[in-house]
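Let's take a walk through this structure, starting with its overall layout and then zooming in on a couple of helices.

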Amino acid sequence: MLQNNPQPESDLRGESRHKSELLSNVMSDFIKDKLWAIIALNTSPEEADWLQQKGLSDPLELMTAFVAVPRSLPKKVVNVSQDELSALSTEFSGFSILGWSLVRVSRVWLLTQLDPSDRHEYVKNIETLFDTAEMNELVALYSALPLLSYPDQWLFRATDAVRSNMGFVFDAIALHNPYPEKYFGEPAWNQLVLKAIFNDKPIHFIEGLENRANEQLSITISDFAHERWAAGRTVSPQVWRLVGKYMTPALLSDMQHLFGSENTEDQKGAALACAESSLPAANNLLIQYPNLEQSVKSGVLTWADLEH
Amino acid sequence: MCLNRNETAPNPSHFEESEEAVAAPAHREIAWNDYRDLIKGMRFFDPHIHMVSRTTDDYQAMHQAGIVALIEPAFWLGQPRTGLSSFKDYYSSLVGWERFRSSQFGIKHYCTMGLNSREANNEPLAEQVMEILPLYIYKEGVVGVGEIGFDDQTPAEEKYYRLQLELAKEAKLPVQIHTPHRDKKKGTERSMAIALEHGLDPSWVIVDHNNEETVKSVLDQGFWAAFTIYPFTKMGNERMVKVVEQYGPERIMVNSAADWGISDPLAIPKTAALMKMRGISAETIRLVTYQNAIDAFGKSGQIDVSDFESASSIDQTEKFHGNSILRGGQQPAPAKDSLVIQ
């Protein structure tokens, strides 16, 4: 049971909360059906029957099944067509199950089958699953956050996943998950992005990375880069995609540093960031590197080139 | 922690009764470089080791020595617990954080779940633990109920031992029995008799911490006999070689039971090297240091050898968009011999 669940209202994005409460029922029905269709294609009739029957059972049996899925279903990655993937992400922006195991998809589907009508019971059941979860169960639970009812209820849990040092758990909330973009306040969002950068995660897999860029984050990234450089370490060149719109004279000197780097990707990152800035000084800096300037302005060079 | 080997304070569970410490055996140095070649290409499975009490250096050394998978039995904390939450946190760590930590070093981590015999003596708490235990034993990678059995051999210990045998039967899981340090022979016999009384198939029961005095009866009755190579208090590996010479490899397995006491996470590779030096066949070594443990605990249905026998030891289902950096990342190995830390 959850003892403390601090949910400062300021940490919640009011506009999207309202919208998503309205949408959540419609959306999860669609997703439920889609997920089931994918599961059906990836299981034998016996396996599908087992899962379907568990999905219809009382909460306790359903929760036990959530735990026991790997004892009944094979360990494999689901086959999912490009069409199915697009259907999922069109209906529910940012939601993707590419590369998920069958166990993970099935667990997420089981969670969508929990009856949400009694909020207290529903929350208690989900919290129990969190409290007793092993690593793969945590991954499934965090993957399912955007599909659960009462989305604002899970904010504390979600920020806890960002605090996790288990890479898989962090990835489950941070990458390809639409929940943080919708519900994290700015401090929590910035913490997620910074931790992803700090751990050399591919930040382009963070949903809403560009939408949620902000001035405070750009300042902290500059500080972070200085620490790395002082230690003789490097910074992933694509982090500079988060600073273009918030360019300052201080950040411009970082850009200068990058243009002088031996790593051509650093130079490319600086060129792209300068091009995104409305500061005249940024443009003046960029035109000193005509080759890079031309690549950026002609669209030959984009951030996608730095996404590793 | 009783680091003085002549001290007999019964603190860490496996570090007791140091009668051998007094008559220390002839000192023999065999450095890693000397035995590395003897075990080259061998794979080891340690079916009993408490990684929560070990360092990252141990994980790296184990990986380097060929240990590809291990089982961490649930045991106690070294001091009494103050409530149910510490059981929950501990059980969760066995399937969560510790499992992840192990994966970072390329070692597949399994566990057995159970209420330790010492802790069975706190009956009010034991009662609550029994209520939550079923939540954990069905988890992925839980390969048995353990380590359970007797410590002081009190009525409370017997009560919870019996209840957990029933739980194992219901969940179709093997049982890992801890045999007591004191009054071992009687305790071992009693553990086996009770298991049989509850209708357990002895081929589903691993009796741990055997010695020369207990092994015959354990094997004769059809149980698996595990031996713990643990300095001073349990088996030494020279004695182990003799046991294998006498009884052969059938249903015998070796473990380290390394914990917070003076113990050795490389007990298995070292024992394998010693067996090789003494002319024991490669197949026998493979059985007692690897295969038998897999056969015994594999009855749980939770061990898929392809998870650790494939060269990469990367679980394909844990890959994310085919990008291995997203697996949580294996730890880079720092240059240990270098004075410079980067």
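## Two domains

In this predicted model, the C-alpha centres of domain 1 and domain 2 of chain A sit 40 Å apart. The domain assignment puts domain 1 of chain A at residues 12–153 and domain 2 at 215–306.

## The chain as a whole

Chain A is built with 16 helices and zero strands.

Of the 308 residues in chain A, 41% are buried. Now take the contacts in chain A between residues at least 6 apart in sequence: 71% of them link residues at least 24 apart.

## A mostly covered helix

Helix α5 of chain A runs over residues 102–112, and ten of its eleven residues are buried. Among them are A:Trp109, A:Val105 and A:Leu102, but the list also takes in A:Arg104 and A:Arg107, along with A:Ser106.

## Where α12 meets α13

How do helix α12 (residues 215–230) and helix α13 (residues 249–259) of chain A pack? Their axes are 11 Å apart, at an angle of about 45 degrees. Because of that angle, α12(A) counts as oblique to α13(A). The crossing of the two, α12(A) and α13(A), is left-handed.

On the α12(A) side, the residues in contact are A:Ser218, A:Ser222 and A:Ala225; they meet A:Ala250, A:Leu251 and A:Asp254 of α13(A). Sorted by class, this contact of α12(A) with α13(A) has three nonpolar residues, two polar and one charged. As for spacing, an α-helix has 3.6 residues a turn, so residues three or four places apart point the same way.

Technical notes: Residues numbered from 1 in each chain as written. Chains lettered and ligands numbered in written order. Predicted model: local features only at pLDDT ≥ 70, side-chain atom pairs only at ≥ 80, totals over all residues. Domains from an automatic or database assignment. Buried ≥ 20, exposed ≤ 12 C-beta atoms within 10 Å, placed from the backbone. Helix = DSSP H or I, 4+ residues; strand = E, 2+ residues; numbered from the N terminus. Axes fitted to C-alpha atoms, helices over the stretch in contact; angles between N-to-C directions. Parallel < 35°, antiparallel > 145°, perpendicular 65-115°, else oblique. Left-handed = near helix turned anticlockwise from the far one by under 90°. Contact = placed C-beta atoms within 7 Å. Nonpolar A, V, L, I, M, F, W, Y, C, P; charged D, E, K, R; others polar.
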